[in-house]
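Welcome! Here is a friendly briefing to read with the structure open beside you. Take the topics one at a time and find each part as you go.

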Amino acid sequence: MDIEERYALVMRNVEELITESELRELLATKEHPTAYIGFEPSGLVHMGWALVAGKIRDLVNAGFKVTIFWADWHAYINDKLGGDLENIRTCARYMEDCFIALGVPKDGVEFRYASDVLSEIEYWEKVIKVAKVTSLSRVKRAMTIMGRSEDEAEVDSSKLFYPILQATDIFSMDVDLAYAGIDQRRAHMLARDAAEKLKWRKPIAIHTPLLPGLAGGNRMDPTASKMSKSDPNRNINIHDTPEDIKKKMKKAFCPPEKEEEDTNPVLMIAKYIIFPTLGRMDINRPEKYGGPVSYDSYEALTNDYFTQVDGKALLSPMDLKDGVADGMNRCLEPVARYFEEHPENYNAMQDVLRKLGKL
């Protein structure tokens, strides 16, 4: 695979790259560069993870050695799962299963816990050095990465550690590239700024979009409207049955206007999950509405969806929703099979959520 092919894989479905010249130089000089993505273990997994799993596969196929980092102490700071570290680690074991079920190659990634690096004195030396070159106001602005406001640090000062820890994670593992959703860009920019001041190697950063919740996105604040595990009515859980998915899709926001394309969760699921996973989308439409139709690209799908003839769209919102529901169910068939064969960690996670009154 040449550099351009590797570059195209890394960039597929990426919303932001920092920076192109650095990435091209990395691919030209390293056959197997390193990348990482971090997660707070905090609950059941939704469809947005299928987008992330696809990007991790892209990185592995482009030759990267990828670390999936379970930020257990970070989740503790952020009060996840009752602030109980054992609950958080139970969730991490379940989430590891989710990634494997979603097609992440187990032999192409390494799973690590924050606990593994926080026990090293060298880590805390780096924490202090990053903090020394980062202003308090910069840290507070970065607290949005954990879904918190600046004021919350007035009650719990541990939350001020979070952005510094997230930046230090990158340096402690010495990764070439940091990957996350666009909502985490402030942590990566903080890390790059600290690296420049400390004369350390700056991490390349790539950010994928946030999958909007089923009620629709908000382009002014995509973080507030993203698909979230905390709101079962706004998300599709990867454990949802085909019937659940069809029911939820019927209620999903799906306007036929081109200007609403990036806030349309139905189209975004097709773009970022179905086409990258299946390579096509089939819509089993009744004959009286034009009969079955298949699309081999997202562009072909949206061309029909946004085109009207005699005042009628070539593809109706209801037909689109049905096709996306069927496509999602096909994408999730391996997930259902995996958890039928390996139910232990999923069952343990459900027990945690029941204990906390969240299931």
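Phe39 has Trp70 of strand 3 as its bridge partner. Strand 2, residues 34-39, is joined to strand 3 by six bridges, and the two run parallel. Keep in mind that this is a predicted model.

- Six strands make up an open sheet with mixed pairing, and their order across it is 1-6-5-2-3-4.
- At the edges are strand 1 (16-18) and strand 4 (109-113), each of which pairs on one side only.
- Neighbouring strands of this sheet are turned by 20° against each other on average, direction ignored.

**Strand 2 and its two partners**

- Strand 2, helix 3 (residues 48-61) and strand 3 together form a right-handed β-α-β unit.
- Strand 2 also pairs with strand 5 in the parallel sense, over two bridges.
- To find these bridges, look for Ala35, whose partner in strand 5 is Leu177, and for Tyr36, whose partner in strand 5 is Ala178.

**Strand 5, from both sides**

- Is strand 5 mostly covered or mostly open? Strand 5 (residues 177-181) is mostly covered, with five of its five residues buried.
- Strand 5 is joined to strand 6 (residues 204-208) by five bridges, and these strands run parallel.
- Ala178 has Ala205 as its bridge partner in strand 6, while Ala180 stands opposite His207 in strand 6.

**Arg112 in strand 4**

- Arg112 lies in strand 4.
- Which residue is 45 places from Arg112 in sequence, yet 6.9 Å from it in space, C-alpha to C-alpha? That residue is Thr67.
- Setting aside neighbours within four places in sequence, Arg112 is in contact with Thr67, Ile68, Phe69, Trp70, Val117 and Met173.

**Helix 9 and what it packs against**

- Helix 9 (residues 161-173) lies across strand 2, strand 3 (65-70), strand 4 and strand 5, and runs at about 150° to strand 2.
- Helix 7 (residues 121-132) packs with helix 9 at an angle of about 125°, their axes being 9 Å apart. That angle makes helix 7 oblique to helix 9.
- Helix 7 passes helix 9 in a right-handed crossing.
- On the helix 7 side, the residues that meet helix 9 are Tyr123, Trp124, Lys126, Val127, Val130 and Ala131. Their counterparts in helix 9 are Ile164, Leu165, Ala167, Thr168, Asp169, Phe171 and Ser172.
- Helix 9 also meets helix 10: their axes come within 9 Å and cross at roughly 65°, and this crossing is right-handed.
- Here Pro163, Gln166, Ala167, Ile170 and Phe171 of helix 9 meet Ala187, His188, Leu190, Ala191 and Ala195 of helix 10.

**Helices 12 and 13**

- The axes of helix 12 (residues 265-278) and helix 13 (residues 298-305) come within 10 Å and cross at roughly 160°. Angles over 145 degrees count as roughly antiparallel, so that is how these two helices are described relative to each other.
- Helix 12 passes helix 13 in a right-handed crossing.
- Leu267, Met268, Ala270, Lys271 and Phe275 of helix 12 make the contact with Tyr298, Leu301, Thr302 and Tyr305 of helix 13.

- Most residues other than glycine have a negative phi, and most peptide bonds are trans.
- Where is there a cis peptide bond? The bond from Ile18 to Thr19 is cis, with omega near 0°, and Thr19 is found in the loop between strand 1 and helix 2 (20-29).
- Asp79 has a positive phi, near 65°, and lies in the loop between helix 4 (72-77) and helix 5 (85-101). Asp79 counts as partly exposed because its relative accessibility is 41%.
- Lys199 also has a positive phi, near 65°, and sits in the loop between helix 10 and strand 6. Its relative accessibility is 73%, so Lys199 counts as exposed.

Methods: Residues are numbered from 1 along each chain as its sequence is written. This is a predicted model: local features need pLDDT of at least 70, side-chain atom pairs count only at pLDDT 80 or more; totals for chains, interfaces and linings use all residues. Side-chain values use heavy atoms; hydrogens and water are left out. Buried means under 20% relative accessible area, exposed over 50%, partly exposed in between (1.4 Å probe, protein chains only). Helices (H or I, at least four residues) and strands (E, at least two) are DSSP runs, numbered from the N terminus. Two strands pair if DSSP finds at least two bridges between them. Axes are lines fitted to C-alpha atoms, for helices over the stretch in contact, and angles run from 0 to 180 degrees between N-to-C directions. Angles under 35 degrees count as roughly parallel, over 145 as roughly antiparallel, 65 to 115 as roughly perpendicular and the rest as oblique. A crossing is left-handed if the near helix is turned anticlockwise from the far one by less than a right angle, and right-handed if clockwise. Contact means heavy atoms within 4.5 Å. A crossover is right-handed if, with the strands pointing away from the viewer, the path from the first strand over the helix to the second runs clockwise.
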